[in-house]
Amino acid sequence: MHPVLARQLRRLSLDRDTPPDLTSWRRFLERVGRCYADADDDRYTRERLMELSSHEMSTLHQQLRDHDERRFQALLAGSSDTTLVFGAAGQVEFVSSSATRVLHLATDELQGRPMLAFVQRHVHPDDAGHLMAELQYLLDTAGREEVVEFRLRRPDGSWRDVEGLGRNLLSDQAVRGVLLTLRDMSERKQLERELTRQAFSDQLTGLPNRALLHDRTEQAIRLAGRHGLVAALLLLDLDRFKEVNDTLGHHHGDLLLQQVAERLQGSMRDSDTVARLGGDEFAVLLPKVASVQDAAGVADKLSAAIEAPFTVDGLTLDVEASIGVAAYPDHGASANELLQRADVAMYAAKAAHLSYVVYDPALDRHSPRRLGLLGQLRRALAAGELVVHYQPKAEVRSGRIIGVEALVRWQHPEYGLLGPGEFVPLAETTGLIRPLTSYVLEAALCQCRGWLDAGRDLSVAVNLSTRCLLDLALPDQIIGLLEDTAVAPERLVLEITESSIMTDPARALEILNRLHALGVQLAIDDFGTGYSSMAYLKSLPVQELKVDRSFVQHLRDNQSDAVIVRSTVDLGHNLGLRVVAEGVEDEATLGELASLGCDSVQGYYLAKPMPEAELVAWLAAQPQPVAAHD
Amino acid sequence: MDVRLLEWEPSAGWSASLPVELDGPSTMVLAFGSPTREVAAARLAELAAALPLSQLAGCSTAGEILDRRVADGGMSVAVARFAHTALRRADAAVAAPTDSRRAGRDVAGALVGPGLRAVLVLSDGLRVNGTELLNGVKEVLPVEVVVTGGLAGDGDRFAATWVVRQGETTAGVVSAVGLYGDRIQVGHGSRGGWDSFGVERQVTRSDGNVLYELDGEPALALYKRYLGDRAAGLPATALLFPLALCADDAGPGLVRTVLAVDEAEQSMTFAGDVPQGGRVQLMRANFDRLVEGAATAGRLAYRGQDTGDGCLAVAISCVGRRLVLGERTEEEVEAVLDSLPPASSLVGFYSYGEISPSAKGGCDLHNQTMTLTTLVEV
């Protein structure tokens, strides 16, 4: 019996086995009825409560979801990133609204469509394959994370750089797909490119710098090695740039360099690299040429391009270039090797006054020593290692010693006595030629003073390099030296070459005129090797022509040389100049020169250049010339 | 301790002759009844005449408990003569709920003194804010004094309650009996057995024990929606869904039961405070859990050795429980008795609020609980 029923019977003092009287029965029924009613009420209440409560719960749940969703959407919409989810089948299942704002992608155009369609339509064709492969890889590998960079088309057709961070969240029930977060990297990429450009380019000309040239040369060598090609490196140095800088100032120098850069670049193919290494030094990399000869052809072409006049701020400027050519595989197998070899060739070109020189191992035998000498020259000047030797010059008619030519020598502690050919061209490529020339001038004039004091009247000749000839300060410097030594200007002969005059004829003439006005004697050295115009020669204030030794040496067995010497003597005399022959090595030649009317001679037959002490002894041993009694 | 239980029924009168032999200053007479006020006054007069020296206390009910039975319209009486325990009675008037705290202070102040072990409080069930009443009591009494009791009931009518004062049935009164001495052992236990359900709601507007709005919606409308057809039975049917005050840093979780509704203001008055800004949850009953709760209250209230004489147990259970349990109400009374020693005597009533010590010390107003106090002299 149910405990409630049992209790009801007990409360009414009823017995389960005895039927109750009518009153008790009615009370019993009333209680049982209440019990049913209680149960009904309870069921009603319970059901209502369940219904309302579950409704409230689901409303609340929906509110929370809506709230979360709204917050989620607001976060995504406000983000500078675009979020995209694609499912296992490669369909785009979600795209945040920021896609429109940030990447200008229409979300409804993406939603539900295959990723492939998106990639084909919006991604740069060069990046599409790689991107699809990465996305497939992401899809195939649970938990995988990948960063992929690609370019997205902008509405205007240009490309933006985008970084995508992909995560495989297929097993995450909240996502069930690959989450791809896209970020516009254009500004950063642009900055990176700019920084790279700055790191690898020359600020003045915008050309690649040494670092980039080095990089590209290495690359070209690798490529050429693989395909059996020749890669050539041309090193180019402007011959007269320093004068421009010194005389016109750095502003004009910079403008000139910019124009040179433009002209070089304009002369080359796009695949070639034109770089500025610093100062007036440029380089051109030819990654693919058929042969070294082809590279030489390019050097020739470049040289011609540079030689055409430049106009800087209305001024016409002429510059020349010395170009060194070195090529892989013949001359080197690394960028450093090629640069070094091209450098050697360039110095050779400069020294030889050639527009270009192709590297030759023969150049190299002297190069390390020569380059070393250059570094030591300044020290040598200070240390007094440079000495001046004197070669006597005799008058043909009388046999009298009328003067000496001062010739500089380097008493090198390691290499012994070095001739001027070993270091003067080096000094000429640098500013050292000026102190060197000053040194020789001072030594020669001091010596001259000494001889005068000892009763010997000798003129002294000093060679002037191009740089010194064009040095506007030279006349004043010479005045100072002449005053200091109290030597009459007439006793000083300055020997200059035709080519150095022709470097800047107007300026040379101005300086020569000033020197002439002082009374200094001027001689054209190595006459006959240049191509000076006679008309111009006539206008020069010179007093002496020195016939080059190359003609004199073969005077007796080479008819054309004899013609040249005779013509020179005649020309000189017609212009009222003395004519001096150099390189006289035997008596027969001396006789021949005498018969041609040459005024003076110089050469080993007479005496080789010698130190001052030797010269004094030598002079003392000479018979007193006849002319002394004239 | 000598205990007699008596019952008065309209149809049968007193179940036994009144135990005049137990009369004395250490005799406590507890009378809980729900006949008309005049009938009740007549019965109380009979008790006072038979037991003139005894301390008579009692109140109106929403059902009387005696032994295993629950009845309506009669009176349940326990007469207990203590051998080693002194008694003192005090009362205070409460004209309005705002007087509650002062009344608490007054009765406690009248009883506080050396040897005070326990206080049984019986209060008007409609005019008193139980929370404030007990705040007043706690201000005066040391925490080790056990305070139990309840708020008088008025069936499911919520119209008028009374408390015995000077032998009279008086409205707007708080009455208390103090028990003194070191031989009296007082046990207590209080359990609900209700389950919270549904969403948590915020009390968006309340004033003390008057609740206006939950989550911005009139609380009465919410209750009516939940009650459906049974809204016709308001305010009694609101007892089906007591309000759980969610536990937070400010206090423990408590249960609040409805005392009245105001259709004009769409407000509901609860037996204790419903703080504005707090979070609440509706509760619902489960027969078995209510009965199990009552058994647990019994076990908690009597944890000592069985002396063989049993104990006097005063059961004060909430009218809300009765409303839910209906014909099965006696099951919870039986469950209480079954958890007490066999010779124990059980008297009590269905109330509008229960008073029992709280876990954190002092006492609290509880609702929807079975609250049991056991008295044993050793």
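Trainee: Which residues of α10(A) meet which residues in α11(A)?

Mentor: From α10(A) the residues are A:Val260, A:Arg263, A:Leu264 and A:Ser267, and they meet A:Lys301, A:Leu302, A:Ala305 and A:Ile306 in α11(A), where contact requires C-beta atoms, placed from the backbone, to lie within 7 Å. The residues of this contact divide into five nonpolar, one polar and two charged, with Ala, Val, Leu, Ile, Met, Phe, Trp, Tyr, Cys and Pro counted as nonpolar, Asp, Glu, Lys and Arg as charged, and the others, Gly among them, as polar.

Trainee: What should I keep in mind about the model and the numbering?

Mentor: This is a predicted model, in which local features need pLDDT of at least 70 and side-chain atom pairs count only at pLDDT 80 or more, while totals for chains, interfaces and linings use all residues. Residues are numbered from 1 along each chain as its sequence is written, and chains are lettered from A and ligands numbered from 1 in the order in which they are written.

Trainee: Back to that helix pair, at what angle do α10 and α11 of chain A pack?

Mentor: Helix α10 (residues 250-267) and helix α11 (residues 292-307) of chain A pack at about 140 degrees, and their axes are 10 Å apart; axes are lines fitted to C-alpha atoms, for helices over the stretch in contact, and angles run from 0 to 180 degrees between N-to-C directions. Helices (H or I, at least four residues) and strands (E, at least two) are DSSP runs, numbered from the N terminus.

Trainee: And how do α5 and α6 of chain A cross?

Mentor: The axes of α5 (residues 115-122) and α6 (residues 125-140) of chain A come within 10 Å and cross at roughly 160 degrees, and α5(A) and α6(A) are therefore roughly antiparallel to each other, a label that applies over 145 degrees, with under 35 called roughly parallel, 65 to 115 roughly perpendicular and the rest oblique. The contact of α5(A) with α6(A) has seven nonpolar, one polar and no charged residues.

Trainee: Switching to chain B, what is the strand order in its six-stranded open sheet?

Mentor: The order is β8-β13-β9-β10-β26-β27, with mixed pairing, and two strands pair if DSSP finds at least two bridges between them. Strands β8 (86-93) and β27 (363-366) of chain B are the edges, each pairing on one side only, and the twist from one strand to the next averages 15 degrees.

Trainee: How many bridges join β9 to β10 in chain B?

Mentor: Six bridges join β9 (residues 116-123) to β10 (residues 146-151) of chain B, and these strands run parallel; B:Ala118 stands opposite B:Val146 in β10(B). Helix α3 (residues 130-140) of chain B packs on the sheet, where it touches β9, β10, β13, β26 (353-357) and β27 of chain B, and its direction makes about 170 degrees with that of β27(B).

Trainee: Where does B:Phe158 lie, and is B:Phe158 buried or exposed?

Mentor: B:Phe158 lies in the loop between β10 and β11 (163-165) of chain B, and with 23 C-beta neighbours inside 10 Å it counts as buried. A residue is buried if 20 or more other C-beta atoms lie within 10 Å of its own, exposed if 12 or fewer, and partly exposed in between. B:Phe158 has a positive phi of about 55 degrees although it is not a glycine.

Trainee: What about B:Gln166, buried or exposed?

Mentor: B:Gln166 has 11 C-beta neighbours inside 10 Å and therefore counts as exposed; B:Gln166 is not a glycine either, yet has a positive phi of about 55 degrees.

How values were computed: Two residues are in contact if their C-beta atoms, placed from the backbone, lie within 7 Å.
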